[in-house]
Amino acid sequence: MTPSASDSRLGKLGLTDRIFAGARSRRLLATVDEGMLRVDAALGDELRMAQPVVDAVSRYLYEAGGKRVRPMLALLTAQLGEGTTDAVVEGAAALELTHLGSLYHDDVMDDADKRRGVPAAHEVWGNSVAILAGDLLFARASQIMARYGERAIRIQADTFERLVLGQMRETVGPAEGDDPVQFSLDVLADKTGSLIAASAQVGNIFANGPEEFEQPLAVFGEKAGVAFQLLDDVIDLAADPAETGKVPGTDLRAGVPTMPYLVLTRRTDADSVGLREEIDEGVARIADGADPAILDHALARLRDHEATQATRDLAGSYSQEAIDALEPLPDGAVREALTRFARAVADRSR
């Protein structure tokens with residue numbers, strides 16, 4: 001008996017009912033769900049380290065939960081080839097470890113208080129231990145990929161390079177004369193899109209799927225990843241603290257320019273200029289020790305502003321580009337599920 005989307009291992013993804021709709025997709029869900037059990041088992045094995053303290057730190061964010069989007073995509077695209085092979089399971093686990101490692105580093109650099117509803121690792125063990133935990137997960141992911149030869153190592157290395165370059169570019173910021181919106185989109189492509197692209201590719205490659213699908217899947221993953229992150233910027237303005245552990249506008253209150261704000265800076269009408277100045281003044285005062293609540297009014301205005309709708313529209317454009325990239329794939333349950341995934345990540349806030 002095939003599971004329903006809500007009671008499957010993938011149920012916590014939140015988008016599962018929409019990705020795996022229809023009879024043939026439910027059969028695919030059962031296959032992917034079984035694969036996720038194997039990926040989780042592989043992750044559990046890989047996260048057993050030599051010492052108890054190291055084990056606790058390295059497992060911390062894994063045990064806090066997460067959507068497991070990247071393994072799910074790898075398992076999906078593997079069905080274009082030989083299916084859920086041992087190599088696919090280990091490749092999916094390696095990519096999830098890479099993602100987890102990046103979270104440890106991101107939280108240190110962003111001075112984040114929480115991740116996945118629990119205190120960020122650096123809040124518990126300090127910055128140095130959190131950074132080393134991320135490094136350890138990157139190393140373990142590389143060890144897994146090394147079992148599958150030079151091409152697998154190249155995928156891992158290229159993806160890791162883009163993650164680092166994206167983080168570095170975000171940290172340094174745009175140069176004078178750069179368009180801040182395009183600069184941010186390029187950062188999102190590196191920091192988020194690259195790993196989702198690798199996940200979509202690895203499933204097909206490790207399952208010996210058709211070579212002509214590799215590039216379309218890479219484009220699909222990168223575009224869908226950017227759409228996913230753009231919607232996160234929209235959702236950040238309306239975050240529910242009970243669900244996310246974050247107050248609305250957490251990123252902007254911390255001085256991180258999200259896409260709705262960047263789009264706002266392009267506008268020259270009096271209302272937009274006034275709102276931008278109100279946000280800038282509030283962020284500066286918060287940096288000097290003021291109560292972050294001073295931005296509540298401005299962020300409520302931004303949530304309903306045309307700049308936020310423009311960000312939704314931009315996410316929709318990237319979602320459609322992801323769907324268009326799937327044209328070379330055969331009609332069937334896999335392409336249907338990938339299409340539904342791209343659509344779902346672009347309208348999570350509606």
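This is a predicted model: local features need pLDDT of at least 70, side-chain atom pairs count only at pLDDT 80 or more; totals for chains, interfaces and linings use all residues.

**Helix packing**
- The crossing of H9 past H10 is right-handed.

**Salt bridges**
- Glu96 and Arg68 form a salt bridge in which the closest N and O atoms are 3.9 Å apart. Glu96 lies in helix H5 and Arg68 in the loop between helices H3 and H4, so the pair ties together parts 28 residues apart in sequence. Glu96 is buried at 0% relative accessible area, and Arg68 is buried at 4%.
- Arg162 meets Glu222 in a salt bridge of 2.8 Å, N to O. This pair joins helix H8 to helix H10, so it ties together parts 60 residues apart in sequence.
- Arg301 pairs with Asp271, also in a salt bridge, with the closest N and O atoms 2.8 Å apart. Arg301 belongs to helix H15 and Asp271 to helix H14.
- A network of salt bridges links Glu46, Glu90, Arg140 and Arg147.

**Surface and loop**
- A nonpolar surface patch consists of Phe160, Val164, Met168 and Val172, with about 370 Å² of accessible area together. Val164, located in helix H8, is partly exposed at 36% relative accessibility.
- Ala254 sits in the loop between helices H12 and H13 and is exposed, at 58% relative accessibility. Its C-alpha atom is 7.7 Å from that of Ala287, 33 residues away along the chain.

Key
Residues are numbered from 1 along each chain as its sequence is written. Side-chain values use heavy atoms; hydrogens and water are left out. Patches are made of residues with over 30% relative accessible area and no salt bridge: like charges are joined within 9 Å, nonpolar side chains (Val, Leu, Ile, Met, Phe, Trp, Tyr) within 5 Å. Accessible areas come from the Shrake-Rupley method with a 1.4 Å probe; for residues, only the protein chains shown count as cover. A salt bridge is a side-chain nitrogen of Lys or Arg within 4 Å of a carboxyl oxygen of Asp or Glu. Helices (H or I, at least four residues) and strands (E, at least two) are DSSP runs, numbered from the N terminus. Buried means under 20% relative accessible area, exposed over 50%, partly exposed in between (1.4 Å probe, protein chains only). A crossing is left-handed if the near helix is turned anticlockwise from the far one by less than a right angle, and right-handed if clockwise.
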